[in-house]
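Hi there,

Here is the structure we talked about, with some notes on what turned up in it. Please have a look at it first and then read on.

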Amino acid sequence: MKKSISLFTMLIAMALTLSFTSCRETKEDKAEEAIEEVKDAAEDVGDDIEDAADDVEDKIEDATDDSPQ
């Protein structure tokens with residue numbers, strides 16, 4: 001999960017860097033493409049985090065189910 005958060009942070013930093021260096025009126029399309037790529041990457045990271053949370057939830061349920069009562 002820390003890896004996903006680090007990846008997300010790195011992608012946001014890269015997007016901000018690209019937007020500052022290439023955000024001219026003549027390069028507006030490239031900036032919009034970069035923003036779309038960051039949005040897609042953020043969605044992917046969000047999906048990874050959601051999957052990891054589901055895995056943790058499953059492991060917790062399995063651990064509590066296996067405990068003698």
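Let me start with E43, which sits in helix α2 (helices are DSSP runs of H or I of at least four residues, strands are E runs of at least two, and both are numbered from the N terminus). E43 is exposed, with a relative accessible area of 52%; exposed means over 50%, buried under 20%, and partly exposed in between, using a 1.4 Å probe and protein chains only. Its C-alpha lies 9.6 Å from that of F8, although E43 and F8 are 35 residues apart in sequence.

A word on the source: this is a predicted model, where local features need pLDDT of at least 70 and side-chain atom pairs count only at pLDDT 80 or more, while totals for chains, interfaces and linings use all residues. Residues are numbered from 1 along each chain as its sequence is written, and side-chain values use heavy atoms, with hydrogens and water left out.

The protein chain has two helices and zero strands. Of its 69 residues, 12% count as buried. The chain exposes about 6000 Å², and carbon and sulfur atoms supply 56% of that (Shrake-Rupley method, 1.4 Å probe; for residues, only the protein chains shown count as cover).

There is one salt bridge in the structure, meaning a side-chain nitrogen of Lys or Arg within 4 Å of a carboxyl oxygen of Asp or Glu. It joins the side chains of E36 and K39, at 3.8 Å from N to O. These two are three residues apart in helix α2 (residues 28-66), so about one helical turn separates them. E36 is partly exposed at 42% relative accessibility, and K39 is partly exposed at 46%.

Best wishes
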